[in-house]
Amino acid sequence: MKKFSVKTIVAIGIGAALFFVLGRFVAIPSPVPNTSISVQYGLLAFLSVVYGPIAGALVGFIGHTLIDFSYGWGVWWSWVIASAVFGLLMGLGAKLLKMNETEMGKKGLIKFNIVQLVCHVICWGAVAPVLDILIYNEPLDKLFAQGLVAGVSNAVTTAIVGSLLCVAYAATKTKAGSLTKE
Amino acid sequence: MINLFNYIDRPSPIHRLTGACKLVCLIAWSLAAMTSFYTPLLIAMTAASLELFRIARLKVKDISFMLGIMSAYILLNNLLIFLFSPEHGVGIYGSRTVLFSLLGPYVVTAEQLFYHLNVILKNACTIPIVLLFVCTTNPSEFAASLNRIGVSYRISYAVALALRYIPDIQREYRDISLAQQARGVEMSKKASLVKRLKAASTILIPLILSSMERIETISNAMELRGFGKESRRSWYSGRKFTSMDIACMVGCLVLMAVSLLITWRSGRYFNPFAG
Amino acid sequence: MENQGIIQFEHFGFQYTAQAEPTLYDINLTIRKGEKVLIAGPSGCGKSTLAHCINGLVPNSYPGKITGSLTVAGQDAGKLGLFGLSKIVGTVLQDSDGQFIGLTVAEDIAFALENDCVPTEEMHRQVEQVAKLVDVEQVLRHAPHEISGGQKQRVSLGGVMVSQVEVLLFDEPLANLDPATGKQAIVLIDEIQKRTGCAVIIIEHRVEDVLYRPVDRVVLMGDGRIRYDGDPDKLLCSDLLQSSGIREPLYVTALKYAGVTLTPDMRPSYLPELNLSLEQKEQVRNWFSRQPPVPAEPEREVLLRAEGVDFTYEGGHHALRGITGDIHRGEMLSIVGTNGAGKSTFSKVICGFALPQGGSLTFAGTDLSSLSIKERADHIGYVMQNPNQMISKTQIFDEVALGLRNRGVAEEEIRPQVEETLKICGLYPFRNWPVSALSYGQKKRVTIASILVLKPEMIVLDEPTAGQDLKHYTEIMDFLRELNRQGVTVVLITHDMHLMLEYTPRAMVFHAGKVIADKSAAEVLNDPEIVAQAHLKETSLYHLSALCGVDQPEEFTRRFIARDREVRL
């Protein structure tokens, strides 16, 4: 495996810290009582596109593990791994479709959202439930129902928060060259 | 933010174990609990974990907050299982002993209750160990421990960086959020979900983009002090294994082996209903 | 070998890959062992790039084209590489939070040793030694957010000194420190240099503050070239600093206004040894009596009244202990004091970000406690220090319109209001630009505009000029003064003594959660007791007036500021 650059390492560390803070402290009330929306997946999708699949996977893995640690409800490995896989697939998808994070036009956003939707379906529709079956042998329909709720809400947050982030990031990369005062 | 991970600095035999040892034990223990449905083993592990808790001199009030969330979570999870599949235990254990019936299709069977007991035990025997790890391991030791058990030091250091910058990012989040609220950004229930998410973005975008600028400063600072030069590195908070560490690790690894062996030899489920 | 340069630039030039023009041209510069050199220059002059060449970030992290040669300790810098250079040159960065990588002080000092695979026991020993040297051994187990800014900088210094470097490079060491801590930092640098014999390079635009301890040489940069390289005394006798957009030491400017001809043998670069003849002192006294007295500030009505405001953070930190004071309509006021003195908490309490447990706040007669954050924002605007932490839209227009849109103002009313605000802030020509195309100072204006558009009667700004050179500082401050003339009450939270003197007639001084002084800025800075207690720094004009026998130092300061303003406009 190629050695990571120091910048990638730092991006993983800061990314995981952001993932943690968003997941742990940013409470956006959801329509379902007593639950909140996980905005951190919008961040994870964005970081995976910018820093690549391995960084994405590690941000998801470390960030999610730390969240579970801090709640003290045990580490839910199945969901931790699903977060990591989401980062990985998102990064791979971005590479596959040659997404360019510095030019996020309409086309880029459509690509981004197709990829994130597919990744969420895989992670919450397949990876997390299958692991839960292996570990707890929980009832299938319960797991898929949970996966559906998580998948849909994560896909919605990613579509909004992730897309806005991509656009804002791309805008910071535009050069002033062609601009004139009016 | 003080003491995010609830590290409690209080001398005890568990505190004295090195972080790396505790990490190995945590992983082995979790794997043992994850794979097994062998009830006597799960009961034994739960009892042992509570005893370890006592040895670590942790008090219930240290972790009352965590206990609350945890119980709510376990309750909800079991409720969901029952609602979706009241006959799940019947399928697993191959018999059906009706105890009493509730509404419509919801019939309480001994098999279902036994399955729930096993699920709860699986949680109950791991959660104290995770708490134990979190409460007795100095965060400074996390990264050194990961590296010790074979994770590359670069990735280990990413974990250390996350721990280092969480308080900073949290403070920044709070400041940005207040300043944006003053400009009328609202995330309360009054607005629609999409509106709420857009509002959240006006806080998250400056937070994330300014954190990304910080990545450059930090990586420069690290390279200027020689990070990534050698193929390995030493750790200020690294500690050598003692004989106690080795004994604990061996113990937990044996436990894992036993659990796997039972699953392998006599099937995954301990079945009291089989005649 | 005594005079051998440890760092030697010869016909050195550098151009960043992404830029059309070189950033450095034909640099010839030698820094000798054990020498102490100040490199000064306005923003964008190339001084930071020069520092990056010395520590190897150029070209390793910032690629580009190098011409000419740079040798460090006799070896080619390119061959040494980033890691080779890090053994010789230790860099203390401006952003001490970014440089503080470890979870605790001890770990951060040990960072370089860890990377060198030094065994753990040996590391503990060395860390302890260095911690003593930089005086942080009491806080070795503390986390970064538990120590002060000055301590953080000491830790950064310790973190590079463990590597036994021969050159210490300080990149804007004073930017994030309060004035007294900055003074201590300069003293510490001086002591470390004497003790270790390292060469010291300080990159700063605050010349007067660095000259609190003597330097061997000043290198003045402008537009990527070296404009001056030599004796600091000679430099101060010329007007090169002024013409390069760097602020001269105030006492030097004052002497020049008084018509005193400076010569290098008067030692103008080091105030304690400044040598004035009786005649020259008389010249200063005469100048003082010739200057017209500064008119007193008009009486104004009270806008915000704080009475016994008390606030304790959740963790138990008692941040405000009975704050009482008035802010008047239409005034421009400074709030000063150390980090942790309570000035930021006070601004949070005013804006409703934190709710006080005791006391009362009234704004134009209304009790503030009944108003929410959003409602207070209609009267009181708050501008954060770092504009990047406030800007969330990509277009300038949208950013400024955000607050109005959130308040549900109709779109056709928003346009004229935003455009008018953009005109006031001098941003109208840029209204269709993306925010990212703006400079830091312009972004600052965008954030001010985005608050002004809500038409508050009062705005509170946190460190509006942090890290800005004289030109950008003047730009921002003149803009704020213009706003103030148009009737907006402006409250500035600042560390910058000069800002307080030059722009705000009145200052409130915070110390340990209390207001210890509330009077004119000139009076505050001429009161040694308050200066010491609140970690401020006396202006050098105070010393100059004492030296020349002027018996009204506050009035001297006021007249100087008034005169200086005339000259600079």
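Trainee: How many residues does the contact take from chain B and from chain A?
Mentor: Keep in mind that this is a predicted model. The contact pairs residues whose C-beta atoms lie within 7 Å. Counted that way, the contact takes 57 residues from chain B and 47 residues from chain A.

Trainee: Which helix of chain B gives the most to the side that touches chain A?
Mentor: Several elements give two or more residues to that side, including helix 2 (19-35), helix 6 (110-136) and helix 8 (153-182) of chain B. Helix 9 (193-224) of chain B is also one of them. The top contribution is 18 residues, and it comes from helix 9 of chain B.

Trainee: How do the residues on the side of chain B that touches chain A divide into nonpolar, polar and charged?
Mentor: Start from the 57 residues that chain B puts into the contact. Of these, 7 are charged and 10 are polar. The nonpolar residues number 40.

Trainee: What radius of gyration does chain B have?
Mentor: The C-alpha atoms of chain B fill a box of roughly 70 × 60 × 35 Å along the principal axes. A compact globule of 275 residues would have a radius of gyration near 19 Å. Chain B has 24 Å.

Trainee: How far apart do the C-alpha centres of the two domains of chain B lie?
Mentor: Domain 1 of chain B is made of 13-138 + 243-266. Domain 2 of chain B covers 152-224. Their C-alpha centres lie 35 Å apart.

Trainee: Which helix gives the largest share of the side of chain C that touches chain B?
Mentor: Here 50 residues of chain C are in contact with 44 residues of chain B. Among the elements giving two or more residues are helix 3 (77-86), helix 5 (105-115) and helix 16 (396-406) of chain C. The residues on this side of chain C divide into 24 nonpolar, 19 polar and 7 charged. The largest share is 7 residues, from helix 5 of chain C.

Trainee: Which strands are the edge strands of the open sheet of 4 strands in chain C?
Mentor: The strand order is 12-11-14-15, with antiparallel pairing. Strand 14 (residues 358-363) and strand 15 of chain C pair over 2 bridges. An edge strand pairs on one side only. That gives strand 12 (318-328) and strand 15 (366-367) of chain C.

Trainee: What angle does helix 14 of chain C make with strand 12 of chain C?
Mentor: Helix 14 (residues 343-351) of chain C packs on the sheet. Helix 14 touches strand 11 (302-312), strand 12 and strand 14 of chain C. Its direction makes an angle with that of strand 12 of about 65°.

Trainee: Do strand 13 and strand 19 of chain C run parallel or antiparallel?
Mentor: Strand 19 (residues 506-511) of chain C is mostly covered, with 5 of its 6 residues buried. V336(C) stands opposite V509(C) in strand 19. Strand 13 (residues 332-336) is joined to strand 19 by 4 bridges, and the two run parallel.

Key: Residues numbered from 1 in each chain as written. Chains lettered and ligands numbered in written order. Predicted model: local features only at pLDDT ≥ 70, side-chain atom pairs only at ≥ 80, totals over all residues. Rg over C-alpha atoms; globule rule 2.2 N^0.38 Å. Domains from an automatic or database assignment. Buried ≥ 20, exposed ≤ 12 C-beta atoms within 10 Å, placed from the backbone. Pairing = 2+ DSSP bridges. Contact = placed C-beta atoms within 7 Å. Nonpolar A, V, L, I, M, F, W, Y, C, P; charged D, E, K, R; others polar. Axes fitted to C-alpha atoms, helices over the stretch in contact; angles between N-to-C directions.
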